Amino acid sequence: MGINWECFKNFFKKPFTKKYPFVKAETCERFRGRIIYKADLCIGCKQCAINCPSSAIKFHKKGKIDFNMGECFYCGLCVDICPVNAIEFSNEFEFANKDPRELKNKIEHGKPKK
Amino acid sequence: MGLELSIASIVFLLLLVPFALVMEGIRRKTVARMQNRIGPPVWQPIYDVLKLFQKGKTDTLAKENPFFWIVPILTFLSGLAFFLFIPFNIISFQHDFIFLIYLLVLESALFVLAGFASNNPYSTIASMRELILMVCYEMIFAIVILTVFIFEGVLSVAQFDSLFLFWKLPVAFICFMVLVAVEIRITPYDTVDAPTEVLESIRNEYSGKGLAFLKMADALKMTFFAAMLLYFFIGNFNMVAFFVLIPVAVMVFSFIQATTCRYRVDQTFKRLAFYLILALVEIVRIKFIVW
């Protein structure tokens, strides 16, 4: 008979389902989302590009690195290896887009120096 | 014999199909809410039927059988014909409750025929199950209806006028609630519509207009049983109260559906045999013991 009372209670409760596109989903701690590159911290050691298993990172010069998020599989090696923590994971996970250039790197803390 | 086809009754019959589909939507929504889901919108069955009417026929071997496309239409029409009696009494004549019982048998028989005509193994199994079940439940249904009419001492549905009959005929009321579950095929007795056993039961091969007609017939049947429950056992109120109380009755059915699980086929038959005995006890009881 417990199920009857449970169903009756559920009828007046809010549904468990989250309305995702309208209500943004919460990410957990240490979530592996889109990679953020802080160009002003970078010392140009190239460790990230060397260690990347899927070669999603193209190193041009200090402060100018291409992250192709279409090839990245979020192993976190570049984040771990970076000696100055210039590369970080963010909470952003919804970057489906019609333009493939949107999948390229996202630079914070100033523009890359030429 | 009286046939009262006024404008009001024609409008009522026309508005009945969307009303029944909304009732189906309310059923689905209520079950979903009781299972802590959001569920489809209440208008979803109307969208489904409108979409299905725009679709073409699928290319199955069964379409060569004329019964395959004519039976869904007949099922739908027999579903509409229920509402000639309740709640408006558009047709009324002496002993018309026997005709009502025949109509309900006809609807189930057409359902069975639709399954056999679609020439699908799963549909055939579903049709066979319905055919065997019909032998059990239509008999109980006829006995319950006879009990109600003998107790009231009337000969026509239109003359029927009593309040809270479920208090005076409790066993018949329990039998009727079980019959509702069997007839509209909700969980404790959905041996025919069991999706894990016979997939979509008789609707496996149907698509487009045929499926739309079958869906509408099912919704009409469910609404009719809610209406009949109110008319016979709760009371013959005015129309406004009737259309407010039908969704409540549908919610009661949804509650039964949400809280129970399916009986096996043999368990269903054993229980139906038990309820047949109960119904017989009730029809004998009202002759001798009345409270």
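This is a predicted model: local features need pLDDT of at least 70, side-chain atom pairs count only at pLDDT 80 or more; totals for chains, interfaces and linings use all residues.
Local features are described only where pLDDT is at least 70 and side-chain atom pairs only at pLDDT 80 or more, whereas totals for chains, interfaces and linings use all residues. Residues are numbered from 1 along each chain as its sequence is written, and chains are lettered from A in the order in which they are written.

**View 1. Chain B as a whole.** Chain B holds eleven helices and two strands, where helices (H or I, at least four residues) and strands (E, at least two) are DSSP runs numbered from the N terminus. Read along the sequence, these elements follow the pattern β-α-α-α-β-α-α-α-α-α-α-α-α. The radius of gyration of chain B, taken over C-alpha atoms, is 19 Å, which agrees with the value near 19 Å for a compact globule of 291 residues, the rule being 2.2 Å times the number of residues to the power 0.38. Of these residues, 41% count as buried, meaning that 20 or more other C-beta atoms, placed from the backbone, lie within 10 Å of a residue's own, while 12 or fewer make a residue exposed and numbers in between make it partly exposed.

**View 2. Helix H4 of chain B and its surroundings.** Helix H4 of chain B, residues 96–117, reaches 31 Å from its first C-alpha to its last, close to the 32 Å expected when 1.5 Å is multiplied by one less than the number of residues. Among the buried residues of this helix are B:Phe97, B:Leu104, B:Phe111 and B:Ala117. The buried residues of H4(B) pack against helix H3 (66–81), strand S2 (91–92), helix H5 (121–152) and helix H9 (208–234) of chain B. Just after H4(B), B:Asn119 takes a positive phi of about 60°.

**View 3. The largest nonpolar core.** This core has 76 residues, a nonpolar core being a set of buried Ala, Val, Leu, Ile, Met, Phe, Trp, Tyr and Cys residues joined through C-beta atoms within 7 Å. The residues with the most contacts inside it are B:Val144, B:Leu179 and B:Leu229, and H9(B) gives the most to this core, with 19 residues. B:Val144 touches B:Ala172, B:Cys175, B:Phe176, B:Leu179 and B:Ala279, when residues up to four places away in sequence are not counted; contact here means that the C-beta atoms, placed from the backbone, lie within 7 Å.

View 4. The bridge partner of A:Ile57 is A:Phe67. Two residues lie between the strands of the hairpin, in which A:Gly63 takes a positive phi near 90°.

**View 5. Two loop residues with a positive phi.** Most residues other than glycine have a negative phi. A:Lys46, however, has a positive phi of about 65°, and its place is in the loop between strand S1 (35–38) and helix H2 (47–51) of chain A. A:Lys46 counts as partly exposed because it has 13 C-beta neighbours inside 10 Å. In chain B, B:Asn36 has a phi near 65° and lies in the loop between helix H1 (7–34) and helix H2 (44–54). B:Asn36 is also partly exposed, with 16 other C-beta atoms within 10 Å.

Technical notes:
Two residues are in contact if their C-beta atoms, placed from the backbone, lie within 7 Å. Two strands pair if DSSP finds at least two bridges between them.
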